[in-house]
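This briefing covers a helix pair and a strand with its neighbours. Please consult the sequence and the structure shown here alongside the text.

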Amino acid sequence: MEKTCTEVWKNCLQIIKDNIPNQSFKTWFEPISALKLDGKVLTIQVPSLFFYEWLEEHYVGLLRKTVKKQLGDEGRLEYNIVVDKSSNSGSPYTTNMPSNGNGAEAKFQSMPIPVSINKDIKNPFIIPGLKKLTVDPQLNSNYTFENYIEGDCNRLARSAGYAVAAKPGGTSFNPLMIYGGVGLGKTHLAQAIGNEIKRNMPDKLVIYVSCEKFCQQFVDSLKNNTINDFVNFYQAMDVIIMDDVHNFAGKEKTQDIFFHIFNHLHQSGKQVILSSDKAPKDLAGLEERLLSRFKWGLSADLQIPDLETRIAILRKKMYADGIELPNEVVEYVAHNIDNNVRELEGAMVSLLAQSTLNKKDIDLNLAKQMLKNFIKNTSKEISMEYIQKLVCEYFEVPVDMVKSATRKREIVQARQISMYLSKSHTKSSLKTIGAFFGGRDHSTVIYACQTVEDLIDTDKKFKGYVHDIQKKLKMT
(Lines give C-alpha, C1' and ligand atoms only; values in the text may rest on other atoms or scores of the structure.)
Protein backbone atom coordinates (compact mmCIF):
# COMPACT_ATOMS: atom_id res chain seq x y z
CA MET A 1 0.00 0.00 0.00
CA GLU A 2 1.37 3.41 -0.97
CA LYS A 3 2.21 5.88 1.75
CA THR A 4 0.33 9.14 2.07
CA CYS A 5 2.04 12.54 2.26
CA THR A 6 1.14 12.71 5.96
CA GLU A 7 2.80 9.37 6.69
CA VAL A 8 5.94 10.28 4.77
CA TRP A 9 6.26 13.64 6.51
CA LYS A 10 5.58 12.06 9.92
CA ASN A 11 8.44 9.63 9.33
CA CYS A 12 10.67 12.51 8.24
CA LEU A 13 9.83 14.42 11.41
CA GLN A 14 10.80 11.47 13.59
CA ILE A 15 14.28 11.48 12.05
CA ILE A 16 14.61 15.28 12.16
CA LYS A 17 13.55 15.41 15.82
CA ASP A 18 16.40 13.08 16.79
CA ASN A 19 18.97 15.27 15.07
CA ILE A 20 18.20 18.81 16.21
CA PRO A 21 17.49 20.53 19.57
CA ASN A 22 13.91 20.18 20.79
CA GLN A 23 13.37 23.95 20.83
CA SER A 24 14.49 24.26 17.21
CA PHE A 25 12.19 21.41 16.25
CA LYS A 26 9.19 23.08 17.92
CA THR A 27 9.96 26.43 16.32
CA TRP A 28 10.77 25.41 12.75
CA PHE A 29 9.13 22.03 12.10
CA GLU A 30 5.96 21.69 14.18
CA PRO A 31 4.18 24.50 12.23
CA ILE A 32 4.78 22.66 8.94
CA SER A 33 2.08 20.45 7.43
CA ALA A 34 2.26 17.91 4.62
CA LEU A 35 0.22 18.98 1.59
CA LYS A 36 0.58 16.33 -1.10
CA LEU A 37 2.72 13.51 -2.46
CA ASP A 38 3.05 13.39 -6.23
CA GLY A 39 5.17 10.40 -7.16
CA LYS A 40 8.56 11.12 -5.61
CA VAL A 41 7.83 14.77 -4.86
CA LEU A 42 6.66 15.65 -1.34
CA THR A 43 5.06 19.10 -0.95
CA ILE A 44 4.95 20.69 2.51
CA GLN A 45 3.29 23.94 3.53
CA VAL A 46 5.24 26.50 5.56
CA PRO A 47 3.72 29.61 7.21
CA SER A 48 5.82 32.24 5.43
CA LEU A 49 8.77 33.10 3.21
CA PHE A 50 10.69 33.54 6.44
CA PHE A 51 10.26 29.83 7.24
CA TYR A 52 11.22 28.83 3.71
CA GLU A 53 14.42 30.84 3.75
CA TRP A 54 15.40 29.70 7.23
CA LEU A 55 14.84 26.01 6.44
CA GLU A 56 16.76 26.24 3.18
CA GLU A 57 19.64 28.03 4.85
CA HIS A 58 19.94 25.94 8.03
CA TYR A 59 18.28 22.54 7.50
CA VAL A 60 18.30 21.83 3.76
CA GLY A 61 20.89 19.03 4.10
CA LEU A 62 18.92 17.26 6.81
CA LEU A 63 15.66 17.68 4.89
CA ARG A 64 17.15 16.31 1.69
CA LYS A 65 18.54 13.22 3.43
CA THR A 66 15.32 12.43 5.29
CA VAL A 67 13.15 12.82 2.19
CA LYS A 68 15.45 10.56 0.17
CA LYS A 69 15.40 8.00 2.96
CA GLN A 70 11.59 7.88 2.75
CA LEU A 71 11.15 8.21 -1.04
CA GLY A 72 14.40 6.87 -2.46
CA ASP A 73 17.23 8.64 -4.28
CA GLU A 74 14.77 10.38 -6.63
CA GLY A 75 12.83 11.85 -3.71
CA ARG A 76 12.42 15.63 -3.86
CA LEU A 77 10.92 18.29 -1.62
CA GLU A 78 8.79 21.27 -2.63
CA TYR A 79 7.34 24.07 -0.51
CA ASN A 80 3.91 25.64 -0.54
CA ILE A 81 4.43 29.04 1.05
CA VAL A 82 1.73 31.14 2.68
CA VAL A 83 2.60 34.57 1.36
CA ASP A 84 0.03 36.76 3.08
CA LYS A 85 -2.27 35.75 5.90
CA SER A 86 -3.43 39.29 6.49
CA SER A 87 -5.88 39.52 3.62
CA ASN A 88 -9.56 39.57 4.45
CA SER A 89 -10.34 36.79 2.02
CA GLY A 90 -11.01 33.41 3.51
CA SER A 91 -7.95 31.64 2.14
CA PRO A 92 -4.39 32.99 2.21
CA TYR A 93 -2.44 33.48 -0.98
CA THR A 94 0.19 30.78 -1.48
CA THR A 95 3.03 30.10 -3.88
CA ASN A 96 5.08 27.00 -4.63
CA MET A 97 8.87 26.92 -4.54
CA PRO A 98 11.24 23.96 -4.92
CA SER A 99 13.92 23.08 -2.43
CA ASN A 100 17.30 24.17 -3.78
CA GLY A 101 19.08 21.33 -2.12
CA ASN A 102 21.91 23.71 -1.44
CA GLY A 103 21.98 26.13 1.48
CA ALA A 104 24.19 28.61 -0.32
CA GLU A 105 21.84 28.92 -3.26
CA ALA A 106 18.84 29.42 -1.01
CA LYS A 107 20.05 32.65 0.48
CA PHE A 108 18.52 35.82 -0.84
CA GLN A 109 21.14 38.20 -2.09
CA SER A 110 21.11 41.81 -1.05
CA MET A 111 21.88 44.59 -3.51
CA PRO A 112 23.96 47.09 -1.57
CA ILE A 113 24.40 50.51 -3.09
CA PRO A 114 27.44 52.47 -1.91
CA VAL A 115 26.35 55.55 0.00
CA SER A 116 28.66 58.37 0.89
CA ILE A 117 27.27 60.78 3.45
CA ASN A 118 27.67 64.34 2.29
CA LYS A 119 28.69 66.56 5.18
CA ASP A 120 26.17 69.13 3.99
CA ILE A 121 23.23 66.83 4.75
CA LYS A 122 21.53 68.12 7.85
CA ASN A 123 21.12 65.59 10.64
CA PRO A 124 17.81 66.29 12.44
CA PHE A 125 19.17 64.68 15.60
CA ILE A 126 22.01 67.19 15.95
CA ILE A 127 21.53 70.44 17.85
CA PRO A 128 21.96 73.43 15.49
CA GLY A 129 25.44 74.92 15.70
CA LEU A 130 27.14 71.62 16.63
CA LYS A 131 28.98 69.84 13.85
CA LYS A 132 29.00 66.08 13.88
CA LEU A 133 30.32 63.92 11.06
CA THR A 134 28.98 60.59 12.28
CA VAL A 135 25.37 59.51 12.76
CA ASP A 136 24.29 58.68 16.29
CA PRO A 137 21.98 55.63 15.93
CA GLN A 138 19.88 56.81 18.90
CA LEU A 139 19.95 53.29 20.38
CA ASN A 140 19.78 52.26 24.02
CA SER A 141 22.83 50.09 24.70
CA ASN A 142 20.88 48.04 27.28
CA TYR A 143 18.48 46.80 24.61
CA THR A 144 20.34 43.73 23.33
CA PHE A 145 19.45 40.18 22.36
CA GLU A 146 21.34 38.95 25.43
CA ASN A 147 18.92 40.87 27.65
CA TYR A 148 15.84 39.75 25.72
CA ILE A 149 14.35 36.56 27.21
CA GLU A 150 13.02 34.14 24.61
CA GLY A 151 9.73 32.31 25.09
CA ASP A 152 6.83 30.95 23.06
CA CYS A 153 5.38 34.47 23.16
CA ASN A 154 8.19 36.01 21.10
CA ARG A 155 10.19 33.18 19.50
CA LEU A 156 9.27 33.93 15.88
CA ALA A 157 9.87 37.68 16.21
CA ARG A 158 13.19 37.13 18.00
CA SER A 159 14.41 34.63 15.40
CA ALA A 160 13.43 37.01 12.61
CA GLY A 161 15.30 39.79 14.40
CA TYR A 162 18.44 37.66 14.52
CA ALA A 163 18.18 36.93 10.82
CA VAL A 164 17.74 40.61 9.96
CA ALA A 165 20.66 41.58 12.19
CA ALA A 166 22.89 39.07 10.42
CA LYS A 167 21.95 40.25 6.95
CA PRO A 168 20.16 43.63 6.99
CA GLY A 169 18.34 44.30 3.74
CA GLY A 170 19.27 40.90 2.35
CA THR A 171 16.38 38.75 3.53
CA SER A 172 12.80 38.29 2.36
CA PHE A 173 11.45 39.89 5.55
CA ASN A 174 12.00 43.50 4.65
CA PRO A 175 10.30 45.35 6.19
CA LEU A 176 10.20 43.49 9.48
CA MET A 177 7.05 44.51 11.34
CA ILE A 178 6.98 43.76 15.08
CA TYR A 179 3.58 44.25 16.69
CA GLY A 180 1.97 43.62 20.06
CA GLY A 181 0.40 45.23 23.11
CA VAL A 182 1.88 47.79 25.46
CA GLY A 183 4.96 46.76 27.42
CA LEU A 184 5.63 43.46 25.63
CA GLY A 185 9.12 44.35 24.35
CA LYS A 186 8.64 45.78 20.86
CA THR A 187 11.07 48.66 21.36
CA HIS A 188 13.59 46.40 23.09
CA LEU A 189 13.60 43.88 20.24
CA ALA A 190 13.71 46.54 17.51
CA GLN A 191 16.66 48.28 19.16
CA ALA A 192 18.37 44.95 19.87
CA ILE A 193 18.45 44.39 16.09
CA GLY A 194 20.04 47.81 15.61
CA ASN A 195 22.62 47.23 18.34
CA GLU A 196 23.55 43.85 16.89
CA ILE A 197 24.00 45.35 13.41
CA LYS A 198 26.21 48.13 14.78
CA ARG A 199 28.27 45.62 16.76
CA ASN A 200 28.97 43.39 13.77
CA MET A 201 28.89 46.03 11.03
CA PRO A 202 30.02 49.34 12.59
CA ASP A 203 30.12 51.08 9.20
CA LYS A 204 26.39 50.57 8.65
CA LEU A 205 24.31 53.72 9.12
CA VAL A 206 21.58 52.75 11.57
CA ILE A 207 18.98 55.12 12.99
CA TYR A 208 16.22 54.52 15.53
CA VAL A 209 13.39 57.05 15.60
CA SER A 210 9.91 57.05 17.08
CA CYS A 211 7.04 57.88 14.76
CA GLU A 212 6.19 60.95 16.85
CA LYS A 213 9.78 62.22 16.61
CA PHE A 214 9.80 61.64 12.85
CA CYS A 215 6.53 63.56 12.46
CA GLN A 216 7.87 66.48 14.50
CA GLN A 217 11.09 66.59 12.46
CA PHE A 218 9.03 66.65 9.28
CA VAL A 219 6.96 69.59 10.57
CA ASP A 220 10.15 71.44 11.55
CA SER A 221 11.66 70.84 8.11
CA LEU A 222 8.56 72.33 6.49
CA LYS A 223 8.76 75.41 8.73
CA ASN A 224 12.48 75.88 8.05
CA ASN A 225 12.26 75.05 4.33
CA THR A 226 14.76 72.17 4.78
CA ILE A 227 12.59 69.30 3.53
CA ASN A 228 15.28 68.14 1.09
CA ASP A 229 17.84 67.84 3.90
CA PHE A 230 15.31 65.87 5.94
CA VAL A 231 14.56 63.41 3.12
CA ASN A 232 18.22 63.06 2.10
CA PHE A 233 19.25 62.22 5.64
CA TYR A 234 16.82 59.32 6.00
CA GLN A 235 17.37 58.04 2.46
CA ALA A 236 21.10 57.81 3.24
CA MET A 237 20.54 55.32 6.07
CA ASP A 238 21.31 51.61 5.74
CA VAL A 239 18.84 50.63 8.46
CA ILE A 240 15.83 52.60 9.72
CA ILE A 241 14.03 51.47 12.87
CA MET A 242 10.68 53.24 13.12
CA ASP A 243 8.86 52.77 16.42
CA ASP A 244 5.06 53.02 16.90
CA VAL A 245 4.04 53.48 13.25
CA HIS A 246 0.38 53.40 14.31
CA ASN A 247 0.94 57.06 15.22
CA PHE A 248 1.03 57.87 11.49
CA ALA A 249 -2.76 57.65 11.57
CA GLY A 250 -4.35 60.82 10.21
CA LYS A 251 -1.03 62.45 9.25
CA GLU A 252 -1.39 62.31 5.46
CA LYS A 253 1.57 64.50 4.48
CA THR A 254 3.93 62.68 6.86
CA GLN A 255 2.72 59.35 5.51
CA ASP A 256 3.42 60.59 2.00
CA ILE A 257 7.01 61.57 2.78
CA PHE A 258 7.67 58.30 4.62
CA PHE A 259 6.20 56.40 1.68
CA HIS A 260 8.85 57.88 -0.63
CA ILE A 261 11.65 57.31 1.89
CA PHE A 262 10.48 53.71 2.36
CA ASN A 263 10.42 53.08 -1.39
CA HIS A 264 13.93 54.44 -1.83
CA LEU A 265 15.34 52.34 1.00
CA HIS A 266 13.59 49.16 -0.07
CA GLN A 267 14.62 49.49 -3.70
CA SER A 268 18.20 50.18 -2.60
CA GLY A 269 18.38 46.98 -0.58
CA LYS A 270 18.28 48.79 2.77
CA GLN A 271 16.53 47.40 5.85
CA VAL A 272 13.35 48.83 7.37
CA ILE A 273 12.20 47.71 10.82
CA LEU A 274 8.80 48.82 12.12
CA SER A 275 6.90 48.41 15.36
CA SER A 276 3.22 48.86 16.04
CA ASP A 277 0.58 48.04 18.62
CA LYS A 278 -1.53 46.33 15.95
CA ALA A 279 -1.03 44.05 12.95
CA PRO A 280 -0.85 45.86 9.58
CA LYS A 281 -4.35 44.71 8.61
CA ASP A 282 -5.78 46.28 11.78
CA LEU A 283 -4.11 49.68 11.47
CA ALA A 284 -6.63 52.46 10.88
CA GLY A 285 -6.02 55.90 9.41
CA LEU A 286 -3.11 54.85 7.18
CA GLU A 287 -3.07 55.06 3.39
CA GLU A 288 -3.58 51.76 1.61
CA ARG A 289 -0.39 52.12 -0.43
CA LEU A 290 1.64 52.48 2.80
CA LEU A 291 -0.13 49.57 4.48
CA SER A 292 0.54 47.37 1.46
CA ARG A 293 4.27 48.04 1.85
CA PHE A 294 4.14 47.23 5.54
CA LYS A 295 2.83 43.80 4.49
CA TRP A 296 5.66 43.12 2.01
CA GLY A 297 7.94 41.45 4.51
CA LEU A 298 7.30 39.58 7.73
CA SER A 299 4.82 40.62 10.42
CA ALA A 300 5.70 38.97 13.74
CA ASP A 301 3.62 39.44 16.87
CA LEU A 302 4.66 39.59 20.51
CA GLN A 303 2.17 37.91 22.81
CA ILE A 304 1.70 38.08 26.58
CA PRO A 305 4.49 36.00 28.18
CA ASP A 306 3.55 32.81 30.02
CA LEU A 307 4.44 32.23 33.67
CA GLU A 308 7.76 30.52 32.96
CA THR A 309 8.88 33.37 30.71
CA ARG A 310 7.84 35.97 33.28
CA ILE A 311 9.86 34.19 35.96
CA ALA A 312 12.84 33.96 33.58
CA ILE A 313 12.61 37.72 32.92
CA LEU A 314 12.69 38.44 36.65
CA ARG A 315 15.60 36.07 37.25
CA LYS A 316 17.52 37.70 34.40
CA LYS A 317 17.03 41.11 36.00
CA MET A 318 18.04 39.74 39.41
CA TYR A 319 21.22 38.30 37.91
CA ALA A 320 22.02 41.56 36.12
CA ASP A 321 21.57 43.51 39.36
CA GLY A 322 23.55 40.95 41.38
CA ILE A 323 20.80 40.11 43.85
CA GLU A 324 18.93 37.05 45.09
CA LEU A 325 15.29 36.76 46.12
CA PRO A 326 13.32 33.81 47.52
CA ASN A 327 11.55 31.72 44.89
CA GLU A 328 8.15 32.42 46.47
CA VAL A 329 8.69 36.17 46.08
CA VAL A 330 9.65 35.83 42.42
CA GLU A 331 6.63 33.60 41.78
CA TYR A 332 4.34 36.02 43.61
CA VAL A 333 5.38 38.94 41.40
CA ALA A 334 5.20 36.82 38.23
CA HIS A 335 1.72 35.52 39.11
CA ASN A 336 0.22 38.89 39.91
CA ILE A 337 1.65 40.91 37.01
CA ASP A 338 1.04 38.79 33.95
CA ASN A 339 0.24 41.06 31.02
CA ASN A 340 3.03 43.63 30.82
CA VAL A 341 6.79 43.06 30.90
CA ARG A 342 7.43 46.72 31.64
CA GLU A 343 5.23 46.59 34.75
CA LEU A 344 6.84 43.31 35.74
CA GLU A 345 10.32 44.84 35.71
CA GLY A 346 8.99 48.00 37.36
CA ALA A 347 7.57 45.96 40.23
CA MET A 348 10.95 44.32 40.74
CA VAL A 349 12.72 47.70 40.76
CA SER A 350 10.21 49.00 43.32
CA LEU A 351 10.74 45.93 45.48
CA LEU A 352 14.53 46.26 45.36
CA ALA A 353 14.37 49.96 46.17
CA GLN A 354 12.24 49.30 49.24
CA SER A 355 14.62 46.56 50.37
CA THR A 356 17.68 48.78 49.95
CA LEU A 357 16.20 51.82 51.66
CA ASN A 358 14.82 49.88 54.62
CA LYS A 359 17.76 47.45 54.77
CA LYS A 360 15.42 44.49 55.15
CA ASP A 361 15.46 41.04 53.63
CA ILE A 362 12.51 40.51 51.33
CA ASP A 363 10.08 37.73 52.18
CA LEU A 364 6.62 37.01 50.80
CA ASN A 365 4.79 39.08 53.43
CA LEU A 366 7.02 42.09 52.85
CA ALA A 367 6.63 41.68 49.08
CA LYS A 368 2.84 41.67 49.40
CA GLN A 369 2.95 44.75 51.60
CA MET A 370 5.37 46.70 49.42
CA LEU A 371 3.70 45.83 46.12
CA LYS A 372 0.12 46.19 47.33
CA ASN A 373 -0.47 49.53 45.64
CA PHE A 374 1.62 48.62 42.59
CA ILE A 375 -0.31 45.49 41.70
CA LYS A 376 -3.67 46.71 42.91
CA ASN A 377 -5.04 47.05 39.40
CA THR A 378 -3.41 43.93 37.99
CA SER A 379 -4.01 41.38 40.73
CA LYS A 380 -6.98 39.12 40.08
CA GLU A 381 -9.92 38.20 42.23
CA ILE A 382 -10.33 34.48 42.72
CA SER A 383 -13.01 33.82 40.16
CA MET A 384 -13.92 30.75 38.14
CA GLU A 385 -12.37 32.36 35.09
CA TYR A 386 -9.10 32.97 36.93
CA ILE A 387 -9.06 29.44 38.38
CA GLN A 388 -9.65 28.00 34.93
CA LYS A 389 -6.82 30.10 33.49
CA LEU A 390 -4.44 29.09 36.27
CA VAL A 391 -5.21 25.37 35.95
CA CYS A 392 -4.87 25.45 32.17
CA GLU A 393 -1.58 27.32 32.45
CA TYR A 394 -0.32 24.74 34.95
CA PHE A 395 -1.21 21.73 32.79
CA GLU A 396 -0.41 23.55 29.51
CA VAL A 397 -3.81 22.89 27.94
CA PRO A 398 -5.92 25.36 25.88
CA VAL A 399 -8.51 27.23 27.94
CA ASP A 400 -11.27 26.73 25.37
CA MET A 401 -10.81 22.94 25.47
CA VAL A 402 -11.81 22.74 29.14
CA LYS A 403 -15.33 23.86 28.21
CA SER A 404 -15.53 21.52 25.22
CA ALA A 405 -17.03 18.03 25.08
CA THR A 406 -13.68 16.27 24.62
CA ARG A 407 -12.89 13.33 26.89
CA LYS A 408 -9.12 13.47 26.57
CA ARG A 409 -7.56 12.53 29.88
CA GLU A 410 -5.52 15.70 30.39
CA ILE A 411 -8.51 17.92 29.52
CA VAL A 412 -10.88 16.03 31.84
CA GLN A 413 -8.31 16.29 34.64
CA ALA A 414 -7.96 20.05 34.18
CA ARG A 415 -11.76 20.47 34.03
CA GLN A 416 -12.40 18.45 37.19
CA ILE A 417 -9.70 20.25 39.19
CA SER A 418 -11.08 23.60 37.99
CA MET A 419 -14.56 22.62 39.18
CA TYR A 420 -13.21 21.39 42.52
CA LEU A 421 -11.28 24.61 43.15
CA SER A 422 -14.20 26.76 41.99
CA LYS A 423 -16.42 25.06 44.56
CA SER A 424 -13.92 25.59 47.40
CA HIS A 425 -12.60 29.05 46.49
CA THR A 426 -15.67 30.87 45.16
CA LYS A 427 -19.23 31.41 46.33
CA SER A 428 -20.70 30.11 43.08
CA SER A 429 -23.42 27.47 43.20
CA LEU A 430 -22.97 24.02 41.68
CA LYS A 431 -25.38 24.98 38.91
CA THR A 432 -23.38 28.14 38.12
CA ILE A 433 -20.09 26.21 38.11
CA GLY A 434 -21.50 23.59 35.76
CA ALA A 435 -22.88 26.22 33.41
CA PHE A 436 -19.52 28.02 33.33
CA PHE A 437 -17.61 24.88 32.38
CA GLY A 438 -19.42 24.13 29.16
CA GLY A 439 -23.07 24.06 30.17
CA ARG A 440 -22.83 20.96 32.42
CA ASP A 441 -25.35 20.20 35.17
CA HIS A 442 -24.76 20.24 38.93
CA SER A 443 -24.43 16.43 39.15
CA THR A 444 -21.36 16.61 36.89
CA VAL A 445 -19.79 19.12 39.28
CA ILE A 446 -20.52 16.88 42.27
CA TYR A 447 -18.94 13.91 40.49
CA ALA A 448 -15.89 15.99 39.53
CA CYS A 449 -15.36 17.19 43.11
CA GLN A 450 -15.71 13.67 44.50
CA THR A 451 -13.26 12.32 41.92
CA VAL A 452 -10.68 14.95 42.80
CA GLU A 453 -11.05 14.29 46.55
CA ASP A 454 -10.64 10.52 45.99
CA LEU A 455 -7.50 11.04 43.87
CA ILE A 456 -6.00 13.42 46.45
CA ASP A 457 -6.35 10.60 49.02
CA THR A 458 -4.96 7.85 46.77
CA ASP A 459 -2.62 9.46 44.21
CA LYS A 460 0.44 11.24 45.61
CA LYS A 461 1.36 12.80 42.25
CA PHE A 462 -2.17 14.12 41.70
CA LYS A 463 -2.23 15.49 45.25
CA GLY A 464 0.97 17.41 44.38
CA TYR A 465 -0.74 18.95 41.34
CA VAL A 466 -3.65 20.24 43.39
CA HIS A 467 -1.36 21.47 46.17
CA ASP A 468 0.78 23.44 43.67
CA ILE A 469 -2.26 25.12 42.14
CA GLN A 470 -3.74 25.95 45.55
CA LYS A 471 -0.41 27.48 46.53
CA LYS A 472 -0.55 29.69 43.45
CA LEU A 473 -4.13 30.71 44.30
CA LYS A 474 -2.97 31.85 47.74
CA MET A 475 -0.53 34.23 46.05
CA THR A 476 -3.36 36.09 44.38
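**Helix packing and strand pairing**

Helix 12 (residues 307-321) packs against helix 13 (residues 327-336) at an angle of about 125°, with the axes 9 Å apart. Helix 12 is therefore oblique to helix 13 (under 35 degrees is roughly parallel, over 145 roughly antiparallel, 65 to 115 roughly perpendicular and the rest oblique). This is a predicted model: local features need pLDDT of at least 70, side-chain atom pairs count only at pLDDT 80 or more, and totals for chains, interfaces and linings use all residues. Residues are numbered from 1 along each chain as its sequence is written, and side-chain values use heavy atoms, with hydrogens and water left out.

**Helices 12 and 13**

- Helix 12 passes helix 13 in a right-handed crossing.
- The contact (heavy atoms within 4.5 Å) is made by Leu-307, Arg-310, Ile-311, Leu-314, Arg-315 and Met-318 of helix 12 and by Asn-327, Val-330, Glu-331, Val-333, Ala-334 and His-335 of helix 13.
- By class, the contact of helix 12 with helix 13 has seven nonpolar, two polar and three charged residues.

**Strand 7**

- Five of the five residues of strand 7 (residues 239-243) are buried, so strand 7 is largely enclosed by the rest of the structure (buried means under 20% relative accessible area, with a 1.4 Å probe and protein chains only).
- On one side Val-239, Ile-241 and Asp-243 are buried, and on the other Ile-240 and Met-242 are buried.

**Neighbouring strands**

- Strand 6 (residues 206-210) runs parallel to strand 7 and is joined to it by five bridges; Val-209 stands opposite Met-242.
- Strand 8 (residues 271-276) also runs parallel to strand 7, through four bridges; Ile-240 stands opposite Val-272.

Notes:
Axes fitted to C-alpha atoms, helices over the stretch in contact; angles between N-to-C directions. Helix = DSSP H or I, 4+ residues; strand = E, 2+ residues; numbered from the N terminus. Left-handed = near helix turned anticlockwise from the far one by under 90°. Nonpolar A, V, L, I, M, F, W, Y, C, P; charged D, E, K, R; others polar. Buried < 20%, exposed > 50% of the residue type's maximum accessible area, 1.4 Å probe, protein only. Pairing = 2+ DSSP bridges.
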